[in-house]
Amino acid sequence: MYTVSDYLIDVIKFMGNDHVFGVPGDYNLEFLDHIVDRNDMTWVGNANELNAAYMADGYAKKTGFAALVTTFGVGDLSSDNGLAGSLAENVPVLSIVGAPKTENMDQKLLVHHTFGDGEFEKFTKMHEVMGLKVKDLTAQNTVDDINEIVKYIIKTGKPAYLTLPIDVAKIPVNPSIKESFASIFNKDEEVTDFNDTIAERLVQAINNAKHPLVLVGHELKNRQLAHFIERLVVNNNLLFTDLGLGKCALNESLPQFIGTYSGELTDEPTKQIVDQTDLVINFGAKLTDFVTSMFTQSFTEEKIINISNDDFDFFGSHRDLIGDYSFYQVVKAISDKQLKQPLTNTVELSSVSLVTPSDKVLTQDFYDRAVINSIKPGQTLVAESGTSFSGLSPFTLPDNVDFSAQPLWASIGYAFPSMIGAQLADNNSRHILSTGEGSLQLTIQELGTLIKHDLHPIMLVIDNNGYTVERLIHGMKKAYNDVAKLDYTLMPQAFGAKQDQFMTFDVSTESELVDALDKAQSTEDKFILIQVHMDQEDAPSSLTKMGEMIQNKNN
């Protein structure tokens with residue numbers, strides 16, 4: 001019998017997912033049966049719900065959609081920090097919460113995983129207050145409600161939340177409905193006159209500017225729309241930049257790329273080009289504190305046209321245009337527009353200087369350049385917020401390299417499970433993770449998941465006795481910024497890896513790091529873990545300056 005459970009899983013599959021993340025609980029177990037009984041879907045059982053949400057976030061950044069399954073109350077709330085990060089950074093994750101039988105909820109029974117007050121709707125209300133699109137599935141209009149939630153995710157690129165009671169999951173559904181998925185979940189909207197008018201105005205503004213610049217951001221990237229703007233940029237030879245949030249939305253090896261922008265701390269010549277621009281066309285970037293060096297961007301509202309996921313404005317105003325705005329449609333419409341004449345300016349970016357290793361003790365500066373030197377075209381670099389993000393995001397990356405981080409929500413421990421989710425989504429791109437040991441200790445439980453699925457990323461663990469970014473903001477030598485000392489080279493075996501599945505390195509000098517990276521890149525059939533020892537007070541110069549800026553803002 002074809003049921004609501006089957007229909008929901010078929011929708012997830014149609015959205016391009018081969019994996020579903022989460023943790024089993026008695027309110028979702030029968031739903032999980034419908035996942036594990038399929039031969040075209042993999043259940044990724046996580047160590048906890050928070051990690052599952054992080055992993056789903058990383059997966060969705062690669063695929064444009066991910067599904068997360070938890071159980072009512074305890075599992076649901078455990079995943080919320082990860083789901084909130086998806087909301088903050090516009091990552092399309094569907095949270096499916098297994099709920100008690102409708103009859104038990106109607107009778108307000110004091111069942112487990114609740115507050116013991118008979119009120120079941122408060123969990124949904126919590127998520128609605130967070131800003132999520134929510135839906136409690138019932139026996140009425142079940143398929144329509146599922147469709148509404150998924151269409152919302154397609155249209156907005158934002159996460160959503162639904163509860164699936166045990167009895168509702170069993171309701172029979174006509175299987176022929178899935179034959180209409182392509183029309184129900186239409187991902188390719190026709191451009192309306194209203195949205196084409198916005199695109200035409202953009203072209204007019206670019207034609208009138210002397211030094212226009214395109215800024216690409218995470219909203220464009222996470223919704224898988226960057227190819228539209230890449231076409232615009234390449235066909236018209238438009239210069240473009242990105243931020244650390246949304247870095248590599250477009251291929252940074254394109255000749256039109258001027259480097260990653262970060263406000264006052266931006267390297268030259270990128271900073272000079274941005275400072276001199278008279279028009280910034282912002283496609284889906286948010287000018288947040290970390291990625292603008294505490295709001296030190298040089299362009300003002302009078303120079304910006306914002307085309308964002310939720311709204312648009314021309315130099316701070318759009319009131320003379322009224323209609324049904326669509327981010328997708330505007331981006332699609334402008335992709336084939338032609339300027340009066342293609343621009344002729346180009347930028348020569350200096351390549352990352354090659355490192356010459358010695359037996360000197362490792363420093364953060366050498367580490368960052370060595371990691372960037374080791375990256376191969378087509379790989380994915382994942383950076384934990386703080387030291388890794390600040391040190392690695394300024395560099396221009398090789399051809400077709402992706403970059404992932406979470407500098408807005410900036411939840412400590414995010415990067416490791418997110419990397420695993422991304423690696424599952426895109427196993428053709430070897431992933432390289434740079435994280436600190438303080439961050440890793442929060443989510444290291446998912447090492448078992450990585451090994452279970454026999455993944456082969458490279459993980460660099462910066463071991464410098466604690467929370468570097470916090471030390472730079474306040475409390476350089478305070479005990480609350482210390483963490484437990486662990487031997488990370490023992491972790492793969494402790495989490496179940498066989499000897500032929502992994503390699504580990506423990507490095508303290510420049511030569512040891514470069515040697516480990518060379519061996520890691522040449523060993524593609526194993527998981528690689530490199531424990532990197534550095535001084536407690538060493539940090540990228542940009543992070544040191546950022547720490548001072550944050551402290552000044554906080555005081």
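Which helix gives the most to the lining of the largest pocket? That's helix 15, with 6 residues.

## The model

This is a predicted model, where local features need pLDDT of at least 70, side-chain atom pairs count only at pLDDT 80 or more, and totals for chains, interfaces and linings use all residues. Residues are numbered from 1 along each chain as its sequence is written, and side-chain values use heavy atoms, leaving out hydrogens and water.

## Largest pocket

Its volume comes to about 880 Å³. Here a pocket is an open set of points on a 1 Å grid over the protein atoms alone, where a 1.4 Å probe fits, with protein on both sides within 12 Å along at least five of seven lines; lining residues have an atom within 4 Å of a point. Of the 39 lining residues, D267, V352, P394, F395 and T396 sit closest to the centre of the largest pocket.

At least two lining residues each come from strand 9 (257-260), helix 15 (364-374), helix 16 (387-392) and helix 23 (541-554). Helices (H or I, at least four residues) and strands (E, at least two) are DSSP runs, numbered from the N terminus. The lining of the largest pocket splits into 15 nonpolar, 15 polar and 9 charged residues; Ala, Val, Leu, Ile, Met, Phe, Trp, Tyr, Cys and Pro count as nonpolar, Asp, Glu, Lys and Arg as charged, and the others, Gly among them, as polar.

## Second largest pocket

This one holds about 480 Å³ of space. Its lining has 23 residues, with K221, C248, A249, N400 and D402 nearest the centre. Helix 3 (49-63), helix 11 (218-222) and helix 12 (226-236) each give two or more residues to that lining. By class, the lining of the second largest pocket has 8 nonpolar, 9 polar and 6 charged residues.

Definitions and conventions:
Points joined across faces, edges and corners; volume = space filled by probe spheres on them.
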